[in-house]
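Please read them with the coordinates open.

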Amino acid sequence: MSSPATTRLASLRGTNNEGVLALILIVLVVIMTFINSDFLSAGTLFAILRSSIVPTVLALGVLIVIISGGIDVSFPAIAIFSAYTTVVLVQGSGVDAGVLVVLAISLALGALLGLVNGGLIARFKLPTLIVTLGTQGIFKGVLLAYVGSRYIADLPLGMRTFSTMSVLTVPDGGENTSLHALVVPVIVLCLVVNALLRNTMFGRGVYAIGNDTEAARRAGFSVMKLQVILYVVAGVLAAFGGVLHVTLTRSANPQDLLGTELDTIAAVVLGGASIFGGRGSVLGTVLGVLLIQVINNSLILMGIPSAWQRTAVGLLLVIGVGVQAISARRASRRVFAHREVVAQA
Amino acid sequence: MTDQTTEEPTTRRGAAVESNRRIDSAVMNAISRVHVQRGVWRMLVLTVLAFAIFTAAKPRVFLNPLNLQNIAIAAPEIGLLALAIMLTMLTGGIDLSVVAIANLTAITISTLYTSVAAGNAGLAEGMAPLIVLVGLAVGALGGYINGLLVSRVGITPILATLGTMQIFNGIAITWTGGKTLYGAPEMLVNFGRTVVAGIPALFLVLVAAAIVLAIVINKTALGATILLQGANPVAAKFSGIRTGRTLTSTYIMSGLLAGLAGILFVSRNPTASADYGSSYVLLVIVIAVLGGTNPNGGFGTVLGVVLATLTLQIVSSGFNIIRLTSYDYAIAQGAILIIIMVIDQVTSRHRRRNVPKISNALATPTE
């Protein structure tokens, strides 16, 4: 059981099956390269990274909530609410605001909406799915009814400058392809959230309340405070995702992102986070998002109608979670068998 | 009293204890019934309140028979989907795939009908009942797949049905090519227009389905196992209940209800598409919870869910009449849901604090 080879394999596998996920990703890339030699190119890589920018940021917020044992379905509403309202406010002020002003306003809005979620959940101990379902309706409704439902094409200067900025340009088959600059802040953000979850008391607290709220309380964590803070953080992350989305699409459409909540949750769960809380990692989440983006991209390259994307992601989710469920059951059976052996001896 | 007890101490005392116990259980029963019916009463008050508010605001338009009929025509499909979700919530699960299943049923019916009708219109009409049954079977099959994933494979219901929702929806998109299909059996279209004694036939479908479901939940062994499964899965397992079979039947029934909703989709409008009612998923969860269903399982009433459906339809139609947008309706949905949950939480905490006192007071005489 504990020979060096197997332990090394186990450590490669990762605590949340990140290794398995990475392996699937690599196998997929190899297969795709055989099928279509165009696949393995800087252009494809950059396209996949660009399309992963917004899903990754949104997934990070969802990850924190899921680790804490909750489910948030209001984050797309928070994302587009914050971003769109910021654009409207900045346009209304008449001043062409810079990037810092835009970020400050939208992140503050995200924090405020997250505070509403966190306050309701922590103060009244309500089921997270139900609360966020309710706030989703309220946020969406307030945005469309009272902030605006108009498509806005001219963005504030702070966003415009970033829309087409690239950080890396390489020649690719005669043409130049470039990597979008916004990949950089997203990578930094992943590292920050990773450190936040692994190395801070807040992060340990989030895992603790996800594992066992009562145990966390007795261990001295202030569950209420932690819950409020974590939903504020999730709100800020959602708002950042919204700003990135508006920047990348170069327009503010208040109907965007809404309805994508389940896709993002699927990516996070695929990345090894347990829907019951207490388990999950930034690395797994990023791999989950990348896997979905690679599959979407592969289907297009293979000439399969994009309509199959939903089915593919659904199948992947069912298979991924199904394998986890079956192996968990086997593991628990092994533990029982082991216990019986010990009891008999 | 005292000299009698010396004569026959045991039997007298036994009778006293017995009668005391009977009173005790009757009182506890009444208390628990009041508690059980609380959700229904509250919903009834809310329904009447919503009706009264909009009647007061615009009596002419709101009480117009046409408007009331519109409410009764729009409500059934949502009500059936909410009942489907409520049923799975009773076992402590959830079924996110109901709308996708309903759309698959609608698409199946529309496709079969138009392909047969292309060759022979009369034959297609004659085969209409069969086509509808095939559509219903598609719903049952979708539910069966969910049931297998939940019971056999052991995937958490919310994830299993999230996955199948994507799969069914993907199949529907590919099948229709993202377009809206036109064409439905005349039989269904006529049925959709039928009005019996001022009540649209579609609404009667909801009433019938609700009655059947209420009987299944409250009067059958399957219903009892479903409730126990949700209230305490461990106890259910150790009382010899076949958990897997209960869950599979629950999800098949949920699929059937969704399929029935799909039939109503095509009866109301002879069209079918993959993205019809995409906003229904969250709406029907709101309705189920508002109707008093405990999302953690073990408790919920059919009547509560039907009343919640009506309330939200009344609010939706009323908002239209007083010229509020569908966005305001979204706000109202969310606000109603959260306010009800908060009130529930506050009063149930209060009640939990009081419960030991009541039972102590009742218990002392028997001691």
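1. Conventions. This is a predicted model: local features need pLDDT of at least 70, side-chain atom pairs count only at pLDDT 80 or more, and totals for chains, interfaces and linings use all residues. Residues are numbered from 1 along each chain as its sequence is written, and chains are lettered from A and ligands numbered from 1 in the order in which they are written.

2. Chain B overall. Chain B has 16 helices and four strands. Helices (H or I, at least four residues) and strands (E, at least two) are DSSP runs, numbered from the N terminus. Of the 367 residues in chain B, 47% are buried. A residue is buried if 20 or more other C-beta atoms lie within 10 Å of its own, exposed if 12 or fewer, and partly exposed in between, with C-beta atoms placed from the backbone. Take the contacts in chain B with a separation of 6 or more: residues 24 or more positions apart account for 79% of them. Two residues are in contact if their C-beta atoms, placed from the backbone, lie within 7 Å.

3. The chain A and chain B contact. Chain B gives 38 residues and chain A gives 39 residues. On the chain B side, the elements that give two or more residues are helix 7 (128-153), helix 8 (157-176), helix 14 (280-290) and helix 16 (326-366). Helix 8 of chain B supplies the largest share of that side, 13 residues. By class, the chain B side divides into 23 nonpolar, 14 polar and one charged. Here Ala, Val, Leu, Ile, Met, Phe, Trp, Tyr, Cys and Pro count as nonpolar, Asp, Glu, Lys and Arg as charged, and the others, Gly among them, as polar.

4. Helices 4 and 5 of chain A. The axes of helix 4 (residues 75-93) and helix 5 (residues 99-124) of chain A come within 9 Å and cross at roughly 140 degrees. Axes are lines fitted to C-alpha atoms, for helices over the stretch in contact, and angles run from 0 to 180 degrees between N-to-C directions. That angle makes helix 4 of chain A oblique to helix 5 of chain A. Angles under 35 degrees count as roughly parallel, over 145 as roughly antiparallel, 65 to 115 as roughly perpendicular and the rest as oblique. The crossing of helix 4 and helix 5 of chain A is right-handed. A crossing is left-handed if the near helix is turned anticlockwise from the far one by less than a right angle, and right-handed if clockwise. Helix 4 of chain A contributes residues including F81(A) and L89(A), which face a set in helix 5 of chain A including L109(A) and G110(A). This contact has nine nonpolar, six polar and no charged residues.

5. Helices 3 and 8 of chain A. Helix 3 (residues 42-67) and helix 8 (residues 183-199) of chain A pack at about 30 degrees, with axes 10 Å apart. They are therefore roughly parallel. Their crossing is left-handed. Among the contact residues are I53(A) and V57(A) of helix 3 and V186(A) and C190(A) of helix 8 of chain A. The classes are nine nonpolar, one polar and no charged.

6. Helices 4 and 15 of chain B. Helix 4 (residues 65-90) and helix 15 (residues 302-321) of chain B have axes that come within 8 Å and cross at roughly 135 degrees. The two are therefore oblique to each other. Their crossing is right-handed. Contact residues include A75(B) and G79(B) of helix 4 and V306(B) and L310(B) of helix 15 of chain B. They divide into twelve nonpolar, six polar and no charged.

7. Domains of chain A. The assignment gives domain 1 (42-304) and domain 2 (309-345); such bounds come from an automatic or database domain assignment. The C-alpha centres of the two domains lie 30 Å apart. Their contact takes eight residues from domain 1 and seven residues from domain 2.

8. Backbone checks. Most residues other than glycine have a negative phi. R250(A) has a positive phi of about 60 degrees. R250(A) is partly exposed, with 14 other C-beta atoms within 10 Å. A197(B) has a positive phi near 50 degrees. A197(B) is exposed, with 5 other C-beta atoms within 10 Å.
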